[in-house]
Amino acid sequence: MAQARELRDQIDSDRTGVLALCIGALLAGLLLAVGVTRSILTPLKRAEDGAELIAEGEYGHRIPVDSDDELGHMASAMNTMAAAVGEREAELRRLADVDLLTGLPQRRRFIADGDRLLANLPAREQLAVLICIDVDRLKAVNGVLGFDAGDALLRGAAAKLQGLFEGVA
């Protein structure tokens with residue numbers, strides 16, 4: 001009977017030890033799960049926030065890359081994409097604002113620049129002049145000498161105008 005009691009006490013002691021080890025393993029697993037989750041969610045949240053800023057047109061925003069794992073590669077790829085999209089959008093804006101043949105502003109940009117210049121005149125106590133130029137017989141030049149000659153005429157006139165008014169407006 002004493003031996004049975006001793007065996008029961010040993011079993012109870014072992015059960016308590018196993019239970020303590022299980023609780024310890026569960027706590028260690030929980031802490032490990034929280035750490036792994038944070039190490040994944042924090043960079044993903046930064047990438048998500050960065051993607052939202054980029055989607056709003058802030059192409060200069062860069063997502064911090066602080067690891068060389070898959071998340072770091074993804075953030076780096078998003079930064080590369082943002083730079084490429086920003087460059088393409090800037091080029092599209094330039095193409096929309098500037099005449100490809102002459103390099104002079106298109107109508108929309110010309111009006112916007114003029115409005116901005118006129119709005120600032122009173123503050124700077126300055127005057128402005130608007131010069132309208134018409135290229136006479138451009139149709140005849142194109143018809144007789146060809147469109148390349150007409151284009152050259154327009155490019156030459158534009159270059160002279162740009163040289164005359166460089167830094168003025």
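Reader: Is Arg 109 buried, exposed or partly exposed, and what is its relative accessibility?

Author: Let's start with the words: buried means under 20% relative accessible area, exposed means over 50%, and partly exposed lies in between, using a 1.4 Å probe and protein chains only. At 30% relative accessibility, Arg 109 counts as partly exposed. Keep in mind that this is a predicted model, where local features need pLDDT of at least 70, side-chain atom pairs count only at pLDDT 80 or more, and totals for chains, interfaces and linings use all residues. Residues are numbered from 1 along each chain as its sequence is written, and side-chain values use heavy atoms, with hydrogens and water left out.

Reader: Which residue does Arg 109 meet in a salt bridge?

Author: Side chains of opposite charge can pair when their charged atoms come close. The rule here asks for a side-chain nitrogen of Lys or Arg within 4 Å of a carboxyl oxygen of Asp or Glu. Arg 109 meets Asp 113 in this way, at 3.3 Å from N to O. Both sit in helix α3 (residues 107–124), 4 residues apart, so about one helical turn separates them. Helices here are DSSP runs of H or I with at least four residues, numbered from the N terminus.

Reader: What other salt bridge does Asp 113 form with an Arg?

Author: Asp 113, which is partly exposed at 26%, also meets Arg 116, with N and O 2.4 Å apart. These two are 3 residues apart in helix α3, again about one helical turn. Salt bridges that share partners join Arg 109, Asp 113 and Arg 116 into one network.

Reader: How many salt bridges does the rule give, and where does Arg 93 come in?

Author: The count comes to 8 salt bridges. One of them pairs Arg 93 with Glu 89, with the closest N and O atoms 2.7 Å apart. Both residues lie in helix α2 (residues 70–97), 4 residues apart. Arg 93 is exposed at 53%, whereas Glu 89 is partly exposed at 24%.

Reader: Which residues form a nonpolar patch on the surface?

Author: A patch takes residues with over 30% relative accessible area and no salt bridge, joining nonpolar side chains (Val, Leu, Ile, Met, Phe, Trp, Tyr) within 5 Å and like charges within 9 Å. Here Val 129, Ile 131, Ile 133, Leu 164, Phe 165 and Val 168 form one, with about 660 Å² of accessible area together, by the Shrake-Rupley method with a 1.4 Å probe. Among them, Ile 133 lies in the loop between α3 and α4 (138–145) and is exposed at 55%.
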